[in-house]
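Hi there,

Here is the structure I promised to pass on. Have a look at it first, and my notes follow below.

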Amino acid sequence: MAENVLYPVFSSDPKVILELEHITKSFGSTQVLKGISLSIKQGEFITFLGASGCGKTTTLRIIAGLETPDAGSVRLNGKDVTGLEPNQRDVNTVFQNYALFPHMDVFSNIAYGLKLKKVPKKEIAARVEEMLDLVQLSGYGKRMPSELSGGQKQRVAIARAVVNNPQVLLLDEPLGALDLQLRRQMQVELKRIQKRLGITFIYITHDQEEALNMSDRIVVMDNGRFEQVGTPNEVYYHPKTSYVARFVGTANMISGRLVKVWENIAYIDAEIGDNSSSWTRPLTTEVCATLTGDQERFLKPGQTVTVAVRSENLLLQKEVGPGLRLPVMEKNFAGGLLRISLDGGKLGELIASRQGMDSSLVPGDLVTASWAPEHGIIVDLACDEPDSPTENRDKADKRKEKHSMAGNRIKKQEGQNG
């Protein structure tokens with residue numbers, strides 16, 4: 001299998017509008033992008049999600065032509081545009097700071113690109129009015145940017161970007177400067193606009209809520225690589241790695257030794273205690289996880305595995321029963337949910353959170369924490385499926401070195417035998 005090819009690229013599917021193939025980029029001695037590849041379809045709303053410094057904005061700038069990759073290529077509608085200037089690509093960008101011309105009114109800001117293309121005045125007027133209606137700013141054409149709210153400025157910036165009907169619209173954290181309520185309102189507006197226009201939107205954010213609410217697919221990035229690409233449901237409910245499980249939502253990581261696999265359920269001994277606490281803690285407790293895809297062929301009894309369990313799926317009861325017997329450390333309310341922290345011993349802190357959970361629990365109470373097998377997801381497995389992450393680059397390098405050494409030994413033996 002080709003090294004670091006995580007997702008299908010250069011598909012013959014005529015609906016594919018943008019393709020990235022083996023893109024690498026370094027700034028000085030720091031490698032920011034590490035051989036990323038991806039195909040994006042016409043009309044898709046796709047979000048690059050990750051923490052600051054993960055490489056998502058650099059990826060956007062390479063698509064826009066504002067940065068040149070050290071290696072790899074970018075294709076737009078089948079044409080290699082890697083070496084083209086930004087104005088030679090049918091791509092527009094919306095920035096967080098709006099980038100409106102302060103000396104021009106709203107109409108002139110939106111019309112600016114059309115005037116550069118020498119579009120007839122009547123057509124400009126009609127298209128600008130259409131855009132103002134699209135972003136629900138009809139009648140605002142003569143207002144200056146200084147007379148607009150943050151949300152209104154962002155709508156003008158979006159209208160200016162889509163009035164030329166680009167093949168791809170890039171949005172670099174466009175809602176980051178807005179307050180929470182306005183951000184949520186604009187999420188709905190952006191999705192409505194995108195569906196109405198049918199333009200491919202590539203959205204950059206570190207906000208998981210934005211990604212989950214708006215996207216057709218999410219690209220979770222970390223350290224210059226794609227951790228996982230999938231629908232919001234796939235990324236949230238079936239994370240491939242512990243990073244994805246933790247970054248998108250709140251997940252507990254339970255590590256242990258695989259005991260057996262029976263009827264697609266993995267049984268795992270989780271090591272939780274050393275009996276150093278004020279109460280006697282069991283050294284291990286058996287927990288379960290349901291396997292997905294062909295995970296079973298990557299598992300063997302005795303190996304260490306990690307199970308991700310979403311905080312809302314961690315069930316607590318005071319009665320002794322199957323599960324992890326753990327003490328409550330603290331409880332608090334966050335975002336309308338009751339959040340209870342448990343001392344998981346060697347597993348670290350475990351979190352249970354949801355509405356309507358028993359609020360009578362207090363720090364020091366012993367509870368049994370459990371989950372349904374289908375809510376336990378094994379993560380961080382090496383997998384060779386074409387639409388799933390493989391081992392990281394370091395592991396791939398070691399594997400390549402191992403194969404090379406084995407090949408040299410075979411050649412040496414053949415020489416001796418010959």
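Strands S11 and S12 form a hairpin with two residues between them, and Glu263 in that turn has a positive phi of about 50°. Helices (H or I, at least four residues) and strands (E, at least two) are DSSP runs, numbered from the N terminus. Please keep in mind that this is a predicted model, where local features need pLDDT of at least 70, side-chain atom pairs count only at pLDDT 80 or more, and totals for chains, interfaces and linings use all residues. Residues are numbered from 1 along each chain as its sequence is written, and side-chain values use heavy atoms, leaving out hydrogens and water.

S11 and S12 (residues 265-271) pair in the antiparallel sense over six bridges; pairing requires that DSSP finds at least two bridges between two strands. Arg257 has Asp269 in S12 as its bridge partner. S11 (residues 251-262) also pairs with S14 (residues 304-310), in the antiparallel sense over seven bridges. There, Met253 is bridged to Ala308 in S14.

Now to a pair of helices. The axes (lines fitted to C-alpha atoms over the stretch in contact, with angles from 0 to 180 degrees between N-to-C directions) of H4 (residues 150-162) and H5 (residues 180-197) come within 11 Å and cross at roughly 20°. H4 and H5 are therefore roughly parallel to each other, a term for angles under 35 degrees. In contact (heavy atoms within 4.5 Å), the residues of H4 include Gly151 and Ile158, and those of H5 include Leu182 and Ile193.

Enjoy exploring!

Notes: Angles under 35 degrees count as roughly parallel, over 145 as roughly antiparallel, 65 to 115 as roughly perpendicular and the rest as oblique.
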